Every structure is written in C-alpha cells, then in structure tokens.
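Dear colleague,

Please find the structure below, handed over for your own work. My notes on its chain interfaces follow it.

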4 protein chains.
Amino acid sequence: MPADPARPQPAQLNPVLPPVPDIVRSAYATLVVTDLAEARRFWVDLLGFVVTAEEPAALYLRGYDELTHHNLILRAGPVAAAGALGFRVRSPLDLDRAVDYYKALGCRTQRLPAGAVRGLGEIVRAEDPLGFLVDLFASAEHPERLQQRYDLRRGAEVARLDHFNICVPDVPRAYDYYAGLGFGLSETIEDERCVYAAWMYRKQTVHDVAFTGGAGPRLHHLGFFAHEAHSVLRMCDILGSLSLEAHIERGPGRHGVSNAFYVYLRDPDGHRMEIYTSDYYTGDPDHPVLRWSVLDPRRRDFWGNAVIPSWYSDASAVLDLDGAVRPVTDLAQAAEVTVGADGFTAKNPAAPQQGPQQAPR
Amino acid sequence: MPADPARPQPAQLNPVLPPVPDIVRSAYATLVVTDLAEARRFWVDLLGFVVTAEEPAALYLRGYDELTHHNLILRAGPVAAAGALGFRVRSPLDLDRAVDYYKALGCRTQRLPAGAVRGLGEIVRAEDPLGFLVDLFASAEHPERLQQRYDLRRGAEVARLDHFNICVPDVPRAYDYYAGLGFGLSETIEDERCVYAAWMYRKQTVHDVAFTGGAGPRLHHLGFFAHEAHSVLRMCDILGSLSLEAHIERGPGRHGVSNAFYVYLRDPDGHRMEIYTSDYYTGDPDHPVLRWSVLDPRRRDFWGNAVIPSWYSDASAVLDLDGAVRPVTDLAQAAEVTVGADGFTAKNPAAPQQGPQQAPR
Amino acid sequence: MPADPARPQPAQLNPVLPPVPDIVRSAYATLVVTDLAEARRFWVDLLGFVVTAEEPAALYLRGYDELTHHNLILRAGPVAAAGALGFRVRSPLDLDRAVDYYKALGCRTQRLPAGAVRGLGEIVRAEDPLGFLVDLFASAEHPERLQQRYDLRRGAEVARLDHFNICVPDVPRAYDYYAGLGFGLSETIEDERCVYAAWMYRKQTVHDVAFTGGAGPRLHHLGFFAHEAHSVLRMCDILGSLSLEAHIERGPGRHGVSNAFYVYLRDPDGHRMEIYTSDYYTGDPDHPVLRWSVLDPRRRDFWGNAVIPSWYSDASAVLDLDGAVRPVTDLAQAAEVTVGADGFTAKNPAAPQQGPQQAPR
Amino acid sequence: MPADPARPQPAQLNPVLPPVPDIVRSAYATLVVTDLAEARRFWVDLLGFVVTAEEPAALYLRGYDELTHHNLILRAGPVAAAGALGFRVRSPLDLDRAVDYYKALGCRTQRLPAGAVRGLGEIVRAEDPLGFLVDLFASAEHPERLQQRYDLRRGAEVARLDHFNICVPDVPRAYDYYAGLGFGLSETIEDERCVYAAWMYRKQTVHDVAFTGGAGPRLHHLGFFAHEAHSVLRMCDILGSLSLEAHIERGPGRHGVSNAFYVYLRDPDGHRMEIYTSDYYTGDPDHPVLRWSVLDPRRRDFWGNAVIPSWYSDASAVLDLDGAVRPVTDLAQAAEVTVGADGFTAKNPAAPQQGPQQAPR
C-alpha cells in the first residue's frame, strides 16, 4: 500500500531495493558520557532508571515496564555523543535482510555476534542513509519483570523507551527513508512549502522516530514513557529540591503534536531526554495523519508556551561506525522557527524575520 | 512460530484450516438495551461517551480517542443481551478469508454489505466456535477527531474500547480458538490443574479478549481505556453525587493481572463495563507470558480486596445470528472461586476447601 | 456564641467550669508497639514517615509538611495500645488552665517538664472524661523543614497528622465534652434517635477528632493527610508489590463524610491508620454542619462500597496515667451498623432490621 | 505578641490605634469587566465557576467548596478595574471596630446595609492605607452546598478563593499595615537590602494576602484553590482545545514560595487569576517564616522556569470609594527583577549586576 505512508507495514517502495527488515519498535539507545559516575547520578539516582547490568565503562538501564535487557546504554568516552539507535526486528531473517538492504542503499554495515552488545543477540549495525548508527537485533535477554515492583520505583518512574527524535537537515528525505522501512506517519508540522517535522511509527503509538529539521545528523532527544502526568511533575519537583532545576530545559507542558504531557531534561553531558505521558493507538491500517500548520502556536505546546531556543538549536553529536563524530550538515530546508510559530513573529510582526527570535520570557 | 502462543501473528496452527483473517484489534460491541433513553442517560450523560450517530432505535458511541465510527452500539430490544463483538481486520482480503475460515470450522456466517452496520464497510458476521457473534470488518468511517477536544470531555473521559471479556465454560478451548486466530497470550490465572482465565491480544496491549471461566457463552464485560487513574475516581464521584453509586459494582482497584487501575460499572440493563487505565506494551515477538497462581489473592485485586460475588456470577446473555438468545453451558472445568481465593470460601463455610485460605485481614 | 456548636472558639458552656485551654490542633499520638523494629519497617520503610529522632525503645516520626518535632511516637511495650493523644495549645497559660479544667472535671492530671516528651515543652497530661490520655503542650522544637524535599519522599508521602478517631460508647457525651473545649462540629451521622458519629475541629479542617460509636475508650484510627489521591493509590501499590496487601483493611475510597479520599491500613500490631486526602475549609464562625442520615449508603463510602466488618469492630486499647490498659465499656447507644446500612445486616440475619436495606447492588 | 509577626492573632501593635477588627479570611473580590457576557464565557463557561446569582450588570460566582454566597463579583463597567477586596470578620462587633480603626488611620470609610452587596450582611467599606478598597462583613448567605456535586464540576473545578495578591510600591509598608491587623507572615522574598515580596495569612493557609513590589495600588491577581494538580492541567488543556491558549500567561509550574502548583490566566479584560493547588497548614502560634533569597531562581518557579515579563509588569487598576480609578505610585524600593533572578538581567545587559546570574541553562 505504497500510497498510504501511514500504514506501518514493511513496504517495498523502491522496486530496486531488496526486502526491508521488519522493524518492531525503537528499543534502546547508546549515549557516550564523559563522566559515567555523574551520568549514573543523573539517570539512576535522580531519574530512577533500573540498572540491569553495570561494567566499569558502561551502564545498561531500563524502565520499569521494559521486559528486555535495556533501553539505554551509558558508555564512558572522551566526547559526549550518541552511539547506535537500537531497533528490534521480528526475526533473525530480518537481520540478513537488513544487511542486504543497507548494502543496496550504499550504507556501511557490520555484523556483531550475540553478546557483542550485552544482553542482546546478533546485531546488524549500519550507518543509515541519514548518517545515524542503527543497531538491528532480533533477540534480547529478559531480566526480572519489575512492572509491579512499585516498592522500587523512584524518580520519573520511567516505563520504557518510547521514541528517538533526530535532527535532520532534510525532513522529506528522512521521511522517505523511514517510509521505505514501512514506518507509518502519524503527525506532521508543515505548510504549503514543506514539512518541518514528522512523527513515524512501527509499534502502535504515535512514534518510534521523529524528525526535527535542523543541522544533522544529530540526536535531538530520547523519549521515555511514564504512565501519568504526576510522574512528570514529581521529577521536576525532585530536581528543584536539589537545586538541580537547571536540568529542566523545557516544560512541563502538553504537546499539540501527539497530545502527550512532557518535560525535557538535559543530562550532565547535555544529552536531552523527554519524559512523555499519554499517547494514542495508531495500529489501524488506515490510521489518519494529523497535519499541524507551522503557524499554529499550539503545535509544539498546546498551551502556547514559547519553546526555549536551546530546544531548537542544541542536540547531541552522533558517531559513525568507526566511533568518530559525524560531521553535521546545516539545515537544507526552511526552518520551522522562522515562519511565525511559537509566538515568535506574532510578538513583533513589524520586525523583519531573519531567524528564530527568542520569545521574551 | 506456532510453539509460542504469545506471538500475535496470524498463525496457521491447524494445517487443515484455511488461512486465518488478520485481525487488527477489538473495535466495537453491540449491546441490546431495553430502554434506549435510560441507556443514553447512563452511557452518554453520565459516562460521557461521544455520540457519533443516533437513530430512533440505536446509538453509535465512541471514546474521545477513537478515530473510527464507533466503539459501542446501543440497540433497543426486548431483552438485554450482547450482540456482535466487532473486530477490525487488516484488509478486504481478510473478509474472504474469514468466510472460508469460519466455514471450515463449521460456523454459520453472513456477509453484510457496507453500511449494513452504520459507519462500517462490508462485514463478515459469524457465530464463532465459542458461541459468540463476531463482526469482522476492514474499513470504517472516520468521524471528527476529538482527541484534543478537552472542552468536550465529560464523565469517565473514555478514550477507546480496549477489550472484550467473555465468560466461557471451557477456558482452554477458548484459548485454542483465539490462539488459532493468531492472538498472543499475555497473562493467565492457573494452577497445576487448569487455566482459570486468560488474556490474549492482537493489538500491542495486554488484551483484546479475555476469558473468565463460567457459564457461557456470555459477555462478562466491555473494557474501555481511560488515560489516568483520576478519571476512574471522578466517574465514581459523579455516580455518588447523584446517588447512583449502585451502578458501581466492583472497585476502584488495581488489577494484579494487567496492572491496570479499574472500576466495574453496571448499566441500567445490568451490562457490565470496565473503565481501565494503565497497561503495557506487548508487541515484541517473544513477549513473555505472566502466569498468576489462582492462590495469589492479588491476581484479581492487587490490593487484596475481595471480589464482589456478582462479578463472578453475572454476565450478559449473547445473541445468535438469528437474534435469539444463546443457551448457556455451565462451567465445564474447575471454578476459580472455589479454590479459596478472594475470600469467597468464607461466604460458604460448608464448601470443602480445596486450597489455602485468603490471607487473614 | 454558645448556641452554635460549630464555632471553634474556646467556649464556656458550663458556668461552673474554669476557663478552657485554647487548643490549636491535634498534633501527635503515641502508639505502643510490641516489636519496634517491625513497626519501623511499616511506618518508616513502607509508609515513608520521617524519623526525627530515634531511641532504643522509641521512634519519633513526622510527615513531610510537619514543622514540629513529631506527629507520632512509636514506643516499644509489652502490649499494643494507644498512649497519649497530643494537642497543641496556644500558650503556656493554657497549660495552667488545662490543669484547673481537668481537675474541675474530676480528671487525674500530671505535669511533665519540658523534654519529658522528647522535642516538646512542658506538658499537661490528663485522663480525659472519655477515658483517653491527652497531652497538652504549648511549644515544640522545629526540626529541619522538609516540605520541599521531594527527593526524600517515599511511601504514602504523608504530610502531617490530621485527626484522631476514637471509639466511644456514648457519642453525645463525647460531643458535649469536646464542644465544651470549643471544638466546632463539621459533620454527623445520625437519625431521629441519636448521633452515631461526629466530626469536630479546632484547626480549620473537617476535624481534629471524630467519634465512632462503639466499645470504648479505644483509638479507632490516626488520620494522616496526604496531598493528592495518587499518593493513596501508590501506597496500596507498594503494599501489593511486597505481598503485604493484608495491611490494607478498607478502601481506597471516597468518604461521604468529609469528602476525603482515603485508605485504612493496619500496622503490624493492628493499630489502624488512615491516609486521607482532600478536605475543606471550616474556619468561618458560622460554618454549617453537614448531617448525614445513617440510612445513606454513601455516608461511609461515597461510592457505596460496603465497610469491612473489622473496621467497625476493631480498635486499639488505650492506656491510663499509670500505663495500664483501660477497661472498655460497651456501646451505650444504638449501633450504626445494625440499622441497615453498609450491607452489614446481611451478615447478621438474626438481627432485627430497623431500617431500609442497602440499595440493591 | 508584637515580636512575632507570624502569629495570626488580632494584634495591637500601635497603642494609639483602637482595637483591630478580627479578620477571618479573604472572602471575595469584585472585578469590573467591560463586557459581562464575555466575562461570563471566561469565568463560568470555561473556568467553571458556579453562578450563585445573576443580574443584568453583575454576576455572583463561587467555587464548588465555598459555603457562602460568592467569591467573586463580576460587575459591568466602562473601565476594567478591581473593586473591593472582601474580608470576612468574626462578628458584627468587628464592623464597629473596623470603622474606628480605619478612621484612626485616616482612611475614608462607608457603612453599607445588609444586602447592599447581594448575599452579604452589613458591610464596612474602607479605602485602606495602601489605597485598596476593602469590604469587611460579618455574615453571608449560605447557598446550596455543592462540595460533593461532582456531576456539576467543570473547567478548573475551583474550590474557593484562596488569596489576594496586590502590587504595592512599598512592601514593608504593606507588611506593617497587615501585621497591624494581626496577619501572620508565612514567606518572603528578600535580601539584605529589603523585602521584595511577602505572604501573610489569617486563615490557616500560606496566605490571604500577598504583596508584589511594583507600581501600586494595583491588584496583581486573585488566587483560587483547586484540589489537585490535574485540575490545573485540565484547565490549560481546555483553553488549548479552543485555541484560547493566549489566556494562559504563566505556568503551569510549582511555586518555590508556598510550594503550590499553579497556573496564571488572564481574563478577557486582562484581570489575572491563579489556579492554585497544594498548600500547607500555618495555624501554629509559632509558625516559622520561610525566607527566600531573591537570588534563588526557584523562589518564583521551583523548576527554574523564567517568569513572563508581563507577570511582573501588568496588574489591574483599583477603584476608590467614589468609583474612580486610583492613581498609581511607582515602585519606591528596589525591584525584584533587577537583581539577577529569573534571567531578567540577561535581558537588560546594561543594568549593573548586583547579584549572581541565574544558573546556566
């Protein structure tokens, strides 16, 4: 059903390409942190992530609902950056398909044996066409089930990884790549000229991956699901209690896109994470796309609160297959924040718009 | 992967049978009510369901997140009963498969043209092997999207239909039938002798259908999803305000099974509905089954509160293809409530005790 | 304004009596526990009370909002019982008044020097006319303010002591005594024959003390305030996580009386405590009394859920000035639970029915 | 007890002055609105205030918990302004005291007979020394009790008026005046040079009145209490649903001062209101004052979010006894926002920096 980008089936959009791997969901991310002890304090002690495994130079973390080994690997390194974004595929067959598929796209790939990434089976690692490292895996260890261990819950009570949000200089190109992988489209921010941002899914939620137009490839944020809004508020309260409120970058607020209640935090290395609650079912084959006008001030915050400029400008560098930081390409399309969104032009319509104004706070 | 009943793929367990239709999710139910005006007061005025369409003898209702025509049809009739349980299938091809499949099972089927059920495309209606009427459909109208119309929300702020819970005299038989249709298994209540209840899914939640051992075929309840626990509390408060608290049959409470926060209400005809919040992702191909011991007092209520006897005994009659009430077969297996859980043996001290008593309270 | 019992001013109802002490609020209670380590696990580790001070045979606990030394003393002893109920008075002058007042009532009193109860100034301890030990004090130490230490909060996140609920065999007599001390009346459960229960206050909430008709003097429960309903749910979830759900005696639910959301827990010695959220302002001099009919099934639970029989029957013994357990007098008036409410008559079908049955469920 | 400003007893600080009236609490406010129909849509239809009474040119509104006639009068007039701030006093005797007291302070006063303000008994209206109109009254009608009419609740589900926040050019002078009336002090924002803001109470909450340093006399906002944080979020969601998010001026957020969860809205005339949840008990005679450094970025928002400039600059004009708009005096003391908090110095880099910068974000 190539005409319907919303249909989350492995599609074969380009007849030249081999079959696509059947991706199940976004599953984990790797963040390189410059001080693992400090990162542990943030992610484990404050935010309450569960430690599945711990090594001298790496931590394997998961949310309380996650039934596989990890949602997040924190790895010590000299430069803060994002490593591989991990996607679960349906079966080992999909790993073979992944190798063929990425090779046909001209992407470098690597096969890692089971256990090369702790807790996971064999992995196909690729530099995807957008410049991100991706890990595809078909099996994972199941640690102790903690879903109902309310006695252990702390911090934001994160349930599981929900999505990756990536900065790309060309949103339509990112869309085409992920649509080719069978991702459905749930929401966009757009105008008659272009698509500024898009949300795409394999699992039956609003997204597994979203694109924010900007210099890229960079990781904008990791989205983690929590069950109720009070968990988001509590996380902010805890940070305030410890005079660590500077970790709160944006929010809490209600997204227009996705309708989720959110807050964005920055970890000690500046990596951004979102605590994200509420969502909606997207599993119907004809799931309709919700298209937001870039002029609607509610698209990024349903309550009209201005977006912090750093939220548009900052993101994490990403690594290539050799572990080097990928060079970044500037935005190749119109920038969302110059076209009057988020109340920026509305505050001073006479002023010539040369770039994103900061909203006075 | 036929050995793993948890895998929610259309499976082909029995090589004699034709291909199974690809069921996407539980989508709607039909309830016959004896006083449509009174039912409207309950479902619409009190509970806050959205009216998509209204006819002299029928109401088409949906939750605020539902993007298709309806989750519930209330139809006026002489005897309170449950009509067809509606499942969305992936494509029109699945309708043809459904006809062949049910015929191969020896079940009566019927094809209804598009519009025969308002808002839906063509339907295959069948008397399934368990004695329930099911409607399979591949397309539906999309009414106005109300997900973010917080100004309209009232009552329990129901988001969408989540699941059907059906009373069956033989739980393993129900399991086999739904496993054959590719439903995954998320949780059970069991002991070494038998499975007393099971929860199965196609969409990536804990269930689309669950089986409660008991005289059947009967509809135990319809489960509707709400986003946060305070919506459940608010619904109870509203009923108390109006001295209609007798509609609250059981709860609120936390389920052990599914981990959801719940309340059970009875409508004016005695049809039971659940408001259900929280849930967890079940989309991984190797999603592990959670098996509860029938002796664990937390399985039905995580806080150990006793289950009201009517919750075990009462359920809605179901109709056959001719509109007649189906005769009921008594429980063919051991009953969950005779083995000492939920404090019920205490109500019948003469009954022999086959299992440990509830923890003293 | 002696004609208005709702007015929370120190009144002089009986011209023969000396001036009454100006009681500010219920402040703390003492519970004798038979295993202090086990009590610590319950109150501190599970419920999350803050430990202000610890001695080999006593723990001084407070809620996160409490700005004085303690809300609860757990004292090791051979027999589980309730010790003194502590009331804050406005000034040292009120201590002298208390001595004269209780002597005029024929009650034994004792003066304890500052520090005799850790963290408190001088105390007047009396055996009040209802048979309870009361501690009146005018000053207390202020420990570190923890109201905004969200990083420390655990368990039920109890804010402060809210009230004492006591079992008395003669509710009107208890009312008269507390009205004489200037307590206002907020709510009652009554019929044309008698008052079955009453709620009275000095601080501007629904109550500092409430009377449950029953064998007495006994302590029915200590009520602790929490800020939001989700804290109550969380406490239950934690207990379920640890298979300690048997500590949950009743609820959660919404009270008709007081409109609070509640749960009742029993500690390892059987002492009952309530986590209580929501409340309303009672500070106006003409605050109107809300009188509930004993026949209204919503009075004890606004959602009509039946009250667990143990909630009516069980309570903690209380100590006298010599540390001996007080003998108990049986209920001297009509019992609330024999008049057809809460479904309890069904449990005792031999009892004559004096009122309407519970609404059919 | 003149040495302790926190003690909320009617004090007699100045021996020259006659006895002060015994103020019980802040009770209601009058807002002059330029379009009563539009104001009704905002306050009643959107926010959900209860209409006690309605006249062609005035609306009498209350929260769901309020047991007296009104918390807010909306009165049609040619210029948006704040009319009288209403305080409940304990008894009719206090009205006589009020007349003598204000006369001794050189303030104009007026006696209004019962019913002159609908729903209230006799009123003493004064132009207080700070330039605000105040109404003191000792009795009020009690309309139908709606505390448990959850079926009626809409919008923000406001419970009652909580406080007045007023702009005054000289905060210490405002403090002295209210301390003279026996108001206790709960919290301040200050440095070694001056007090920038203060919170004072008669009822046992954080405040009945607060002072924001700025041009005055002006009404900064009316604070209304709601029971839980989700009511605040819901109100914002409703406004977003209707594209009325521009009414949300600041928040939601957690206050450092008071620890309340808040949002500030502006009505169609620009009058500011706060929905305010959580609070703490202040009724102890030695209630300790919490003093915030003006340099603490958490004082105004515990999560460090910057305060919108309009929140500091905008406020409602107030009327005098003749109905004329009072002239405004500029800030006579140091301004809170020039000393480096809230990120505002960054907006005015030419201003000398007298304190530490905001924590880098």
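The contact between chains B and A (heavy atoms within 4.5 Å) takes 42 residues from chain B and 42 residues from chain A. This is a predicted model, in which local features need pLDDT of at least 70 and side-chain atom pairs count only at pLDDT 80 or more, while totals for chains, interfaces and linings use all residues. Residues are numbered from 1 along each chain as its sequence is written, chains are lettered from A and ligands numbered from 1 in the order in which they are written, and side-chain values use heavy atoms, with hydrogens and water left out.

Chain B and chain A bury about 3,400 Å² between them (accessible area, 1.4 Å probe, lost on being put together and summed over both), with 44% of it on carbon and sulfur atoms. On the side of chain B, the residues that lose the most area to chain A are B:Arg90, B:Arg145 and B:Gln148, together 19% of what that side buries.

Six salt bridges (a side-chain nitrogen of Lys or Arg within 4 Å of a carboxyl oxygen of Asp or Glu) are found across the interface of chain B and chain A. One of them joins A:Asp284 to B:Arg25 at 2.8 Å, N to O.

Chain A also meets chain C, with 12 residues from chain A and 12 residues from chain C in contact. About 1,100 Å² is buried between chain A and chain C, 52% of it on carbon and sulfur atoms. Two salt bridges are counted between chain A and chain C, including that of A:Glu157 with C:Arg234 at 2.6 Å, N to O.

Yours sincerely

Terms used:
Buried area = accessible area lost by both parts, 1.4 Å probe.
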